[in-house]
Structure formats: structure tokens, C-alpha cells
Number of protein chains: 4
Amino acid sequence: MSNLTEKDDAMDLCIEWLEEQGATIDGMAEVLLELQTKYIPGLTKEMCKENIVGVLKKREVQHAVMTGLELDRLAEEGLLREPLLSCIQKDYSLYGVDENLSLGICHVFGSISYTNFGYLDRLKPGILGELDSKNGKRRCSTFIDDIACALIASAASRMAHGAKKK
Amino acid sequence: MSNLTEKDDAMDLCIEWLEEQGATIDGMAEVLLELQTKYIPGLTKEMCKENIVGVLKKREVQHAVMTGLELDRLAEEGLLREPLLSCIQKDYSLYGVDENLSLGICHVFGSISYTNFGYLDRLKPGILGELDSKNGKRRCSTFIDDIACALIASAASRMAHGAKKK
Amino acid sequence: MSNLTEKDDAMDLCIEWLEEQGATIDGMAEVLLELQTKYIPGLTKEMCKENIVGVLKKREVQHAVMTGLELDRLAEEGLLREPLLSCIQKDYSLYGVDENLSLGICHVFGSISYTNFGYLDRLKPGILGELDSKNGKRRCSTFIDDIACALIASAASRMAHGAKKK
Amino acid sequence: MSNLTEKDDAMDLCIEWLEEQGATIDGMAEVLLELQTKYIPGLTKEMCKENIVGVLKKREVQHAVMTGLELDRLAEEGLLREPLLSCIQKDYSLYGVDENLSLGICHVFGSISYTNFGYLDRLKPGILGELDSKNGKRRCSTFIDDIACALIASAASRMAHGAKKK
């Protein structure tokens, strides 16, 4: 069952799936840089990229990303039963599973990520706005925009914890 | 978009989907009765059923139930991409999304439900053991057994909060 | 043990403790009105107040509010041991218990509250900014500002779920 | 503010506070060994100790531990206001903050820890039963028993994730 145990392969796949739908590491790193530059002097986009990739190394994160992106794809292809299909296709505000899955990502990186998650999810700066406004390649982006918010928010928390170590 | 706004219809559908896969209200009520009978004198199976149905009235619960059961079905029908497909088909212990979705149900009913959820999920009494051992109609039961645990645990918490009101 | 079982008395006490420290129902209602007025036509401050009080009726919410406000008071009075004392007195960004306690409030009201919580916690509009900038009566406001964010965010979610019922 | 930034010092202090109240690393390691020995062949108590200490290295865990143990102490010394004081002194089943704080610990180590947490919290094997039955040095053990459960459950999850890496 090597598929399941090779974390690095799963990470590469997550990055591929995310990038295919417009959630590029580069685009997410830009939002992160904008978000954290005032707290961390000398922060570079390269460091932001490293931290987003660092978040994607965790197995539970990979599983949440893959599950969310598959649900977006299945909704777009009409492969889910009603009323779940409409719920996801229309990004129904009371659906909640997208936020729960995303919060599952944030949990691993501690409480700083929660507040950043909510902030990004409401304001949708940069690439996040493009995902949400369906400019991504997929027409259904119910999960991907929350997941991208969670990845950025978690990377911010990862950075804050790491910075304090020194 | 009446599908999305009629909570009672969505509840009936959840019950139908759960019962089709062997997670009957009756079977879950039996586990709940066994779990709580020592704390609540005079507790009947009928009261247990009412509390499980009460949990299923909440919209976020309905969405979690439908999403989990659809993922089980899609895994069984081979409609998910690898390595997610194997993860769910084999109920991979580090998958984590099943527990996260279930905890999302528990959250709504307060902290008593967390401990009951973990207890039930480890011991799998009654109907829960049957779901997990693939005696349910579906061969893939990665989500349904955790969801049934969460519904029972949440009903126990709902009951405890209600009982104290009097 | 009537203290513990009379939920309405505990609610009145929570409101009293909150108002003493500057987190008035009125001030929180103003933030809620500002936050939700574009989504709910005809929303009034009175309706916002009712929903914040509705959130405070839940027992788990009351316990989280009381625990957080007591920790602020104990920190201010120097009654906690180090290094916890400094952590809370200085609102150390990696402390995390304040966010966890607040998220415990949000959980009861569903996933809409998470995003609003983070948004409010970052931007601190209206009364929230005053609490955070130590204009409240207490010099230590590590918990109260997160708790006020959680109460407002939960009231927004409560409102959204209620509005859809009709 | 070196107190706040020296994670290893804070860890040593957490261990000291835990051991003073009867929650020894050794006793927790015994429960962990019993819990996981059937899943991990060749597991030793030494490895269990290392994993519990590994959990205590995380800053958010340290803060949750210190906050919980201080609340137990303050309740015992009568330094909290009513009705919170009675709530904690009597380990009121609907209090909920003890479980929320503990779940905050578990979150960092992934979803396997949730189910183990609930299981341990209901059955209280070994040292956990002694803490709960007030055989610990402190008369108030509302937080410490849940925290010890969370530390053991998190160590089990940490171990499971680590084992799969190889």
C-alpha cells in the first residue's frame, strides 16, 4: 500500500491538484507575504512558499486537501446525489463541511491559524478572490477556496511558532 | 432552491440513507440506551430514538451525514482518484477526515459528546460493530461507522443538557 | 446546587461580568449589525441584541465566558503562577487558550461562526477595538476581546440559521 | 520576556506541576503502553515516555496544561467567583471547558487522538482513575484528569504518525 505511506508523493499530488485548479503555491505565497510582512521583518516570498509546502507535508492536511478537491470535482461532474449536489454546486452558505474540513487543517498548526483563516475567508485577498469568483479552472470551487485559506492561515501559524523558536 | 431550505425533507433523506446502509435509528437508539441507562433512570428506547432524530434535525449534521455517506458510496464505486480511493476503501487509520467530519457533528451538541464519541468509536458496541465489520450493505463503511458514533454521542449530550433544564 | 442548574441566573451573571468590563450587549449588537446588515435586509439593533442574548443562554457558552473573564481578573490581580501570569498579562500571541475557549463557543453555533470569529478578531471593529486597546475597565483583556468576538460571530451564525428556517 | 520564549523551561515546569498532582510521566506512560501495545509490536515504556514528553514540547500544549492546572488550584483554594467555583470544584458534567482545553491539545496531534481521548476519559484506566478519584494530591482534579487523558491520547497519535514515516 505504498500509495498511502509515501507522504512526499502524496504532497506532490496535492500540489498538482491545487495548481490545476488555480491555487498555486506562488499565488498562496503572495497572500501570505501580504498578510505577515508587517509582523516579520525581512520576510520573503521564498520563505512563504517554504512554509506553505511545510503545511502540505502533514498527512492529515494532504487527506483534507484531496477530499475537498475531489468533492469539488464530483459536484462539477454531477456525480453526487441531491440535495448534496446543489449544496456544493451553489456553495450554500450553511453547508459547513467546507469550513469543518479547513478547520481540521488549521487545528494541526495551532490557534493563530483560526483567526487568520476567518480573516482570509471573509476578505479573500489576491488569488483567493479569483478562486471564489470562479475564475479558477473548475466551475465549482466550494472547497478549494476554503482549503487555500486554511493552507495560508496554517503557514502563517507555522511561521509564527518557528520564528519564536530562535 | 427548495431542496436546500427544507430541513425536514433533508432529515428524512438522511434517515433513509443511513438505514439503507444498516445504521438504523432503532439500532443506534439501542446503543444509546445501553450507554446512558445508568445515568438517566427511567430512560426508554423511545426517548433515545427521539434524541437521535433531534440531532438529525440540525442542518450542519445533515450536511455532514450526507457528505460522509456519499464518500463511502463513491469509494465503493471506485469514483474517487488515487490515493484517496485506497485511503477510504481501506479505512486507513491516519486518514482523519472521517473523524473530523464526525467531530463537526459533536461540536454542535457540546463537550459531553466528544468523550462519548471516542468511547463508542473504540469499543463499537451493538450496531456499530456490525457497521465496521462490513456487515452493512455497503462494503465501504469508513464514514458511516464514525458518523453513527457521532450521532449517538451527540444524542447523549443533547439528553444530558435537556435533562438538566428541568 | 441551584447555582449550577439555573441557566437564566448564570446568563444574567455573564451579562453583568461582561458589561462591567466594557463588553456591553449594546456595543456587541452594534458590531453585529454592521457585520450582517448587508446580508439581512431590515436587520435592527434590537434583533442583534436578542441574538447575542440567545447565544448567552447556552450553558457551555456561559461556562466559557465565566472562565475566560476570571482568568483575565486573576492575571490582573497577579494570582496566577509564572510563566502563565506573564503569558496572559501580555496577551502573548502564541498563548492559544483564549482562541480555543472562544472557538468552543463558536462550535455550538456552526461553521459560519468560525469565519466571522477570525474576521472580527483580526479587524476588531467598534467596541472590540476598545476592549483590546485596554480602554475596558480591566487592564488585562486577553480573554474578553476574543470572547466578545466569539459571541458576536456566534450570534451571526444563529441568525443565519434562524433566518433560513422561515 | 525569556519566560515565554524558552519552550524547554516551560516543558520542565509543566512536568513538575503534573507530577506534583500525581500525573507522573511514568504513570501516563504505563497507560499509553497498555493502550498501544497491541498495535505496535515491541513497544516499550521508554518509548511511551519519550512520546509523552514529545507532546509536552509543543507550546500550545504547555499553555493548556498550565491553564488547566492553575484552574484546579484556584478552585481548590476558593479563589474563583461563584458559580464557576462550584462548577469546577464539583467537576460538573456540563462544565465543558475541561474537555475543550483538552481537545485543544489533541487537535495538534491529529484525529487519532480524539478517539483515544474519549476512550480514556470514559474508562480512566491506571493512573487516570486515581486522579479522578481524588487520590491525587489536590482535592480538585477537574482539569488534570482530562489533561492527562489528552496527553496520553496525543502521544498515541504522535506515535502512530511517526511509525508510518519509516
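**Note on salt bridges and the B–D interface**

1. D:Asp145 is buried, with a relative accessible area of 2%. Buried means under 20% relative accessible area, exposed means over 50%, and partly exposed lies in between (1.4 Å probe, protein chains only). The model is predicted: local features need pLDDT of at least 70, side-chain atom pairs count only at pLDDT 80 or more, and totals for chains, interfaces and linings use all residues. Residues are numbered from 1 along each chain as its sequence is written, chains are lettered from A and ligands numbered from 1 in the order in which they are written, and side-chain values use heavy atoms, with hydrogens and water left out.

2. The partner of D:Asp145 is D:Lys124. The two form a salt bridge, with 2.7 Å between the closest N and O atoms. D:Lys124 sits in the loop between helix H8 (112-123) and helix H9 (127-132) of chain D, and D:Asp145 in helix H10 (residues 142-165) of chain D, so the pair ties together parts 21 residues apart in sequence. D:Lys124 is buried too, at 16% relative accessible area. A salt bridge here is a side-chain nitrogen of Lys or Arg within 4 Å of a carboxyl oxygen of Asp or Glu. Helices (H or I, at least four residues) and strands (E, at least two) are DSSP runs, numbered from the N terminus.

3. Next, a pair within one helix. B:Glu70 forms a salt bridge with B:Arg73, their closest N and O atoms lying 2.8 Å apart. Both residues belong to helix H5 (residues 59-76) of chain B; being three residues apart, they are separated by about one helical turn. B:Glu70 is buried at 0% relative accessible area. B:Arg73 counts as buried at 10%.

4. Another pair crosses between chains. C:Glu70 forms a salt bridge with D:Arg81, with the closest N and O atoms 2.9 Å apart. C:Glu70 lies in helix H5 (residues 59-76) of chain C, while D:Arg81 lies in the loop between helix H5 (59-76) and helix H6 (84-89) of chain D, so the pair joins two chains. C:Glu70 counts as buried at 0% relative accessibility. D:Arg81 is partly exposed at 26%.

5. The whole structure holds 36 salt bridges over all chains. In chain A, A:Asp26, A:Glu30, A:Lys45 and A:Lys49 are linked in a network of salt bridges. Side chains of opposite charge can pair when their charged atoms come close.

6. Chain B and chain D bury about 2100 Å² between them, 67% of it on carbon and sulfur atoms. In chain B, the residues losing the most area to chain D are B:Leu94, B:Thr115 and B:Arg122, together 32% of what that side buries. Buried area is the accessible area (1.4 Å probe) that two parts lose on being put together, summed over both. In all, 26 residues of chain B are in contact (heavy atoms within 4.5 Å) with 26 residues of chain D.

7. How many salt bridges count between chain B and chain D? The count is zero.

8. Chain A has ten helices and zero strands. Of its 166 residues, 63% count as buried. Among contacts in chain A with a separation of 6 or more, 72% come from residues 24 or more positions apart.
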